[in-house]
Every structure is written in C-alpha cells, then in structure tokens.
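User: Could you walk me through this one before I set anything up?

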Amino acid sequence: MIAAMAGGLGLAACGEQKQDRHTLVIGMTQYPATLNPNIESMLAKTYVLAMTRRPFTHHDTDWNLVCALCETLPTLENGLAVRETLANGKQGVAVTYTIKQGATWGDGTPVTTKDVLFTYEVGKHPASGVADGELYRRILRIGVKDARTFTLHLDRLTFDYNAINSFQVLPAHIDRANFKDPKEYRKRTAYDSDSTNPGLYFGPYRITEKKIGSRIVLERNPTWWGKKPYFKKIVVRIIEKTAALEANLLSGSINYIAGELGLLLDQGIAFEKRHGKDFDIQFKPSLVYEHIDLNLENPFLKDRRVRTALILALDREELSSRLFDRRQPVADSFVHPLDWIHSKATPRYRYDPARAGRLLDAAGWAKRDSKGFRVNAKGRRLTFELMTTAGSRTRELVQQILQSQWRKAGIDIRIRNEPARVYFGETVTKRKFKAMAMFAWLSAPESVPRLTLHSSQITTAANNWSGQNYTSYKNPEVDKLLDAIEIELDRPKRRVLWARLQKLYARDLPVLPLFFRADPFIIPKWLKGIRPTGHQDPTTLWVEHWRAERP
Amino acid sequence: MTRYVMGRLVESVIVLVIMSFVIYALIGLMPGDPIDLMIKSDPRLTPADAARLRAVYGLDKPLAERYLHWAMAALSGDFGHSRLYVQPVLDVMPGFLLNTFNLMGLTFVISIVIAVPVGVYAALRQHSAGDYAINLACFAGISVPIFWLALMLIIVFAVLIPVLPASGVSSVGGGGFLDRARHLVLPVVTLTIFSIGSYTRFMRASTIEVMRQDYIRTAFAKGASRNRVVVRHALRNALLPVVTIIALSFGTLFSGALITETMFAYPGMGKLIYDSIMGNDFNMALVALLFATLVTLLANLAADLAYAWLDPRISYSGGGGTPR
C-alpha cells in the first residue's frame, strides 16, 4: 500500500528533502503557548525566544550573572547601584542600566527607555498576567536619564539586586496599542496576533513563520548588532513523542534534539549505546531538583525519626546507577553541587538500613505484621501513599524502586498517580496528598527557596493556595535564615547562612531529596558551539556561536 | 421526508444546546482556572489579588451565569479566545480541522473502498484459505498497537528506506499538493491498517447474514447469477449495519486520532482537543467538543437517510415507520 502510494506520488527516489547546509532543524517536544516574553513561564517559549531577543541580565554557562542587553552589570562596587533610604525608612537600592549600543528592533526602531517604561507599565498592571509579578512589585519607579539609560528604584536591597533576568523588554511602538485594555493584552499582544512582525525581535534571529503546534521558522535578523550567526535559517519542529523524535533525527528530518526539551535521560542513554559513535551526546546535570515533598501534617511523618529512616532506607546511589547510569547526581538538599552556595558540610544520607531500622524501632514501629511490614503499638501499619504524575515513565520507574527499597525496611508504600493536570492543579497545590508527592523544581543558581520553605508560604484555602510550601514546614530559624540570606550582600557571610540552611533542611527533612535531573543533548558531530548551561537559561542564548563544520 | 429531516434538525439543535451546557459544566469541574495558572506562575499573588482578578475575568460568577454569557457571545459569533494559542478559537480551529479532514477523510475513503469488497469476498468464500488469510490480516490490523505500528512505519520508510517524510504536515517552504500528500502517506497508512480490519469484519459478518436470507435463496432459485444476486440483492442490505458503524465513526473522524497525530507530529483535532483539555484551554476544548458532537448528530441523521435509500422497507414519510 505504501509503495503504491509513494509510487503514485512519484516519490520513490526523492526521499526526504535534502537540507541547505545553512539551515538547522531542531526537534523538541513542546510548542510554546504564547510568544510574549513576559506572559506565562514556559521553557519552550524561553528556548525559542532566546534566539530572537536578549534579557538585560542572565546567567552564563559558568553560572555567573552577566549583562546581555545592558552595557555594564551594575554593582555597588562600580557605582551603578546605589543604596537609598526609602520614605518608610527601609533600605532600597537604585540600579542603573544602559541599553547596549546598537540594540535595534528588527524593523529598525532602536530599543530605548520608552520600551523599558512600557514593559514596566505592562508588568506592574495586575490584570496583564505577567509571569514574574514579584519583580515588577519590587520596582518602585523607573527614572529615565536618556534614550538608553534608566534607573530602577527597588524597594529592598537584596543580594541579587542587579539580576533582572525576567524583565523582558517589549516593543512600545508595536504593542502599546494592544495594551489599551490591560485585561485584553494577553489576547491582543502582537507576539501572538502578528508573530512574524520583525519589529518584535532584536536578537540574532527573528520569527518568519509559525505553524501552530507544528513548527517555528527563524531567519537571520539583519538588525542584530552582535556576532553574525552561521545558520541562515533555524527551524524548530515540534514532535511530542520522544520515540518519534528519535526516529526523525535518524531519518534526517531534524538535525538536533534540544536537550532542554528532548529525550529523557534513560532514552538518551539507550540512544548513546545504539548511535553514540554518530553523535556527540552530552549529559548535563541541571537545576531540575527531583524530590519527594512530605506532608508534615501526616501523623506518622510528623516524627523526624520516621523521616530520617525513610531516607536512610533508600539506596539512591543504586537507584541512579540502575536507572540513569550514574549520570544524575544524588541530591543532598535543594542546592546543586555545581552551585557556589553548595555546602559540603550538609549531612549526606547514605544507604544505612540498620540505622533506619533502629530509628523506626525507637519511633514505636518495632513490631512486624504477618506480611513483614512494621506496625505500631496500636497495630497500625507504617503505610504511606506515594504520588506522582501518571504516565511519566521515568518517575513511575523510580517510584517502583523506592517502593521495593522501602519494603525491605518494613515500610508499606501505596502508589497512587494522577494525570499532571489533576496532580499539579489540585493535589499538590492544595496539599491534598496524604503523605508523599514526587515532582521536581526548576530553579536558578543561588535561588532563595522562600516560596517552598518559609512558613508564610504554606498554601491554604485562606491564602487562595498561593505560596509553594506544600509540606507545611515551619521552622523559625529557617524563616530567619531565608530573610537574612536575601539581604546579605557579602558572599562569604552569605555562604555561611546558606550552609546553615542546607544543614537544617537535611536535618529536618521536610522533603526527601532524590537527585538532580540530567538532560541529554543529542548533537550531530558536525554541529559545534552548543554549550549546555545546566540552569534555567537555554543554550539558544548563544545561538550566534553555533556553526556547522561538515567534512 | 422533509418534515422528518426538519424534525431531526430541530432535535439536533436541542441536543447541541443541552450538550453545550453539559460540556461547559464538566469543563468547569476540572481543576484549575486561568487565575490558578497565574498563581502558579507567580505564587506571591495575594488572596486579594486573586479575588480581584477572578472578578475582572468574570470567574467569580455562578456557572449558569457564566454559561449564559458564553452562549450569548457564541450566538453573535464570538466563541472566545484560546488560552493556549492566544488567538480567537475560530481562527485556530480551521487549520487543525483541515488537517484532520485530510487525514481522516482519506483514511476513511481508502478503508471503505478496500474493506467493502474484501469483506464481501471473504463472506462469499467462508472457511476458504482466502477467508482465513483475510481474517488473520484483519485481526492483526485491529490488534497491533497503533503507536508501535506508526513507529515501525517511520523507521522503515523514513529511516531505513528514506522515501517518505517522518512527520509533519508539510516541508518548510513547501506546502504544495504533492508535498502535503507525501506527508500524509504514513499517517494515512497507519490509520487505514488500523481501521480496515474492523470495517472488513463488519462487512463480512453482515454479508454472511444476508446471504442466508430467504429472498437471496429465492433470487438464486429464479436463476439469477451469483454476481447479480450479490450486487443487486445482498450488497445493499449488507451495507446497513456498516452504515451505522460509519455514521458512528464520523464523530471520531472530526475529533481526530490522538496517537497517530502525536506520533507523526501532525497537528489535528485529536491533539487540539487533548492539549486544550490538559492545558486549561476551556474555550477551545468546548468548541472542539461541540463541533465533534454536531458532526456526530449530522452523521447519524445522514445514516438514517441512507437506511431509507438502501432499504425500501424503511420509510420516514409517515405511518410510524412501519415496514411495508
């Protein structure tokens, strides 16, 4: 049938179209919902837009904060950031940025402070629905010096005072008209209604074609002021099924699978075994922190000895070895080992079933029932419900191994999974999980976990389920540390605070740390210049350095 | 007949209105609303902010009131905005609908064109080697996991023998008839292999049943040739149950084939509905599901009319539908 159809269409010999050597086709699994850089936080959008624009500041591949759209990173030391006392007597800061010389929108209009003011207007408006509302709330006002220089007056002086990574400048000359009714801005923004308008972009590339749900085509932006990119055209194709993504790579339909939104680690490892010699495969541990949130209101989990026994009964090294070929580092806390704030003094819980057993005995779980599970004096079995996203193959595999390891310690684990829609929409965010919820956090380098650990951030119906402290963890010392870290500017002093926080986190165990996820980057040998970052900023921020070195 | 058709159309409109409310209410039951998503993006939003935003977006009103507001807007042609694609629903849907129509329509036509004669052939040679071979092929087609079949076809015809594109609707810069046709081959073949088995089995069973009827024996006794009996007497009656199956398939024809569309990165209605539901895109999910309902209702009406054409004993022109 296929031969007939192919023959009938006169295709037998032509096969897949050969690509121009200056065209790169990237495959990834997600389509960006919106292309507006400030509305909704979505990795697929960040990935594509990083080729078309630059943030004022971002983290480089060595995890240092650098300027992209600004001339010089403002600091207290270079005088571009100045402490100021606010009307309420609190300490604020004025931070001055100068827009990069030559920064021009794709239609030839210069990027100016008018755009900065418009972006601020959109960001601070409560109905516009920007992703990082906190940044705009922190900005008290913006002072404009000239067309390129402006000063942000921030309501407090925090250690990351000069990081405005999510302040994504918008083109006032195009989008202001769409902001007349702020409530309707999400629907009217030119990024979605007129996505191929060159005036929306100022990066190395601009979007020239958008097929909803299927592909986005980018071409060189003639007004880009930086290094001229090698590829004339980049096509981002969306193929959600990773098996199909792999087949497309092998067929030549795509050249490269984006590590940020491509194969899962186990698929990458299997791919390496089969096709490793044909591709340059890089496994980069990322800031995606896989963990299990514990519901500390569960009567059994209230006891710290039980929580400690749970982690001691796990052989996470063995788990990482069996499932991930040791490419995913085991986590001691929420801090990645590559982050400068990582403390080696943080307690490490190596597999120690004997100590786990002693702790459980001491906590009143010494007896065993007929099936070998631990029971307390009242005859109640030590049972926990472990939940995660249904259909997430890797997580479900991890779950099964955890279940079997805990079973050896006499702990009964009941697995109950839900579709992501329900799991994240209700169960986790409204703290409906009975005992354990496995999922991941994506953070930035030196990210303060206020939302997940501060007692004021416990999600409740009363606060409309805002905050992200799903474990209901309360520790006054942790609260104080979080407050102190945010405003401590001295790095050595801050390192001490971070070390203490990690120690308390590992001691109290509101969360069972599992590992940091690693992303496989499947790169053809001829494609050079891709440097995985390991943090939230995608590789495409350096797309102008990508090149083909074909034989 | 006209009265019957008009009656059925009115019935369909009523069903559609009821279904619109039911779907609206069910979608409203799903966890999360646009404000919940905003809170997820910015967990520092205060309860007061959330309450104010709910009021701004009209989400603080009772379900019935919100439905009426939506229905009134829909009557004036405004079916709302897609949250996922940030465009009016009616601007997004046609592209997906056209893709699905091409994919499913072609699959449907090819499946019927092959399944009807093959089913009749198998029925007329019941228990022969040919019948067994057809049955085996049918069961293989029905039982093979569509995900696996799609992957195998991609590996064979796009990787090992690279004669066809592995995925997508068209090439970048392409989009002509031939280009689109090439991209359709593998998904159409996947779906055809999957659907042809059941159509063939229905056709075979139905033909066997009809061939046992008295009027067929009478036709043979009158000296009619085998071909004439099959074509003139058996086929029309044997098609009746198949028409029912086809009519029921029409709903799915426009609601797409999720797995196949996902495997071939083919943006069709199946993916659109799935993504809309999973992505809290209420307006899109609502309109797409309503559209599938409308198509099913119309297809069933068409099937009822086809019955009358195929079987003269069926009449809708009065007399309570008593066979003559």
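This is a predicted model: local features need pLDDT of at least 70, side-chain atom pairs count only at pLDDT 80 or more; totals for chains, interfaces and linings use all residues.

User: What is the strand order in the open sheet of chain A?

Analyst: The order of this four-stranded open sheet is E4-E5-E7-E6, and the pairing is antiparallel. Strand E4 (81-85) and strand E6 (139-144) form the edges, each of them pairing on one side only, and neighbouring strands are turned by 25° against each other on average, direction ignored.

User: How many bridges join E5(A) to E7(A)?

Analyst: Six bridges join E5(A) to strand E7 (residues 149-154), with the two running antiparallel, and Tyr97(A) has Phe150(A) in E7(A) as its bridge partner.

User: And which strands does H3(A) lie across?

Analyst: H3(A) lies across E6 and E7 of chain A, and runs at about 165° to E6(A).

User: Where is Pro110(A)?

Analyst: Pro110(A) sits in the loop that links strand E5 (91-98) with helix H3 (113-124) in chain A. Leaving aside residues up to four places away in sequence, Pro110(A) touches Ala103(A) and Thr104(A).

User: Why does Pro110(A) count as partly exposed?

Analyst: Pro110(A) counts as partly exposed because it has 17 C-beta neighbours inside 10 Å, whereas a buried residue would need 20 or more and an exposed one 12 or fewer.

How values were computed:
Residues are numbered from 1 along each chain as its sequence is written. Chains are lettered from A and ligands numbered from 1 in the order in which they are written. Two residues are in contact if their C-beta atoms, placed from the backbone, lie within 7 Å. Two strands pair if DSSP finds at least two bridges between them. Axes are lines fitted to C-alpha atoms, for helices over the stretch in contact, and angles run from 0 to 180 degrees between N-to-C directions.
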